[in-house]
Amino acid sequence: MDSSPPTKRRRKTKSEGTNDKSSSSPVVVFAHGAGAPSSSDWMLRWKEMLKNALDAVEVVTFDYPYIAGGKKRAPPKAEKLVEFHKDIVKKTTDKYPAHPLILAGKSMGSRYKFMGVWKCRYAIVSCMVAAEVDIDASAVICLGYPLKAMGGAVRDETLLQLTVPVMFVQGSKDGLCPLEKLEAVCKKMKSHNELHVINGGDHSFKIGKKHLQIKGSTQDQAEDLAVQGVSSFVSRCLQGK
């Protein structure tokens, strides 16, 4: 892994909107996974945790067109979602031009069931958006990166293109992202990257009751530690330390 994340700050402009947060507070654009919309319990919980931990001026969530309005269509290829996602990002940065931009995403990703068959998508669209030359993100937060394809191949193309600092939060029992494979990819990445492992967590960080009993811990405690790690990572990125 690289030593230090680069410092990236958004320029102040006359069009800066009024808000109660200082310009050092980031704005977060948080994308949902393939199988559940932004209104899911998981997304709502993590939206609140990220807002509080990062002292964010706003955490913007949205629904991709294939799932908006209660639709139950199969997710398209991730590449087809990039332009829609970029439009959300640009509207957000127009609203908060002086605030650092953080891109976050739940796995896109997640396994989903369509027509009775379990399928899988691979790349988090947030990483694809961060790789675009006209997007000035300070950091990317990947919550459950789906590194392994259905056939077992490692899908690392997008990650290897990134120059923006990246933090991965992964469950140790996530079948879509074996930790040894992710660690190998992290060593090859040119961007600064860090990994926080939720011990016993699955793709959505859910930890089995038996594991929690053995460790003497709770689900909330495990997720609190993870979001504290995210907060520390983002703080270092914004301070350039």
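A salt bridge here is a side-chain nitrogen of Lys or Arg within 4 Å of a carboxyl oxygen of Asp or Glu. The structure above is a predicted model, and a search through the whole of it turns up nine salt bridges. Let's walk through some of them, starting with a pair that links a helix to a strand.

**Lys95 and Glu58: helix to strand**

- The side chains of Lys95 and Glu58 form a salt bridge, with an N to O distance of 3.3 Å.
- Lys95 belongs to helix α2 (residues 82–95) and Glu58 to strand β2 (residues 58–61), so this pair ties together parts that lie 37 residues apart in sequence.
- Lys95 is partly exposed, at a relative accessible area of 45%.
- Glu58 is also partly exposed, and its relative accessibility is 24%.

- Asp87, at 37% relative accessibility, is partly exposed.

- Arg236 and Glu194 join through their side chains in a salt bridge of 2.5 Å, N to O.
- Since Arg236 is in helix α7 (residues 219–239) and Glu194 is in strand β8 (residues 193–198), the pair ties together parts 42 residues apart in sequence.
- The Arg236 side of the pair is partly exposed, with a relative accessible area of 31%.
- Glu194 has a relative accessible area of 19% and is therefore buried, as buried means under 20%.

**A network of charged residues**

- Some salt bridges connect into a network, whose linked residues are Glu83, Lys86, Lys90, Glu132 and Asp134.

- Glu157 is partly exposed, with 47% relative accessible area.
- Between Glu157 and Met189 there are 9.9 Å in space, C-alpha to C-alpha, while the two are 32 residues apart in sequence.

Key:
Residues numbered from 1 in each chain as written. Predicted model: local features only at pLDDT ≥ 70, side-chain atom pairs only at ≥ 80, totals over all residues. Heavy atoms only, no water. Helix = DSSP H or I, 4+ residues; strand = E, 2+ residues; numbered from the N terminus. Buried < 20%, exposed > 50% of the residue type's maximum accessible area, 1.4 Å probe, protein only.
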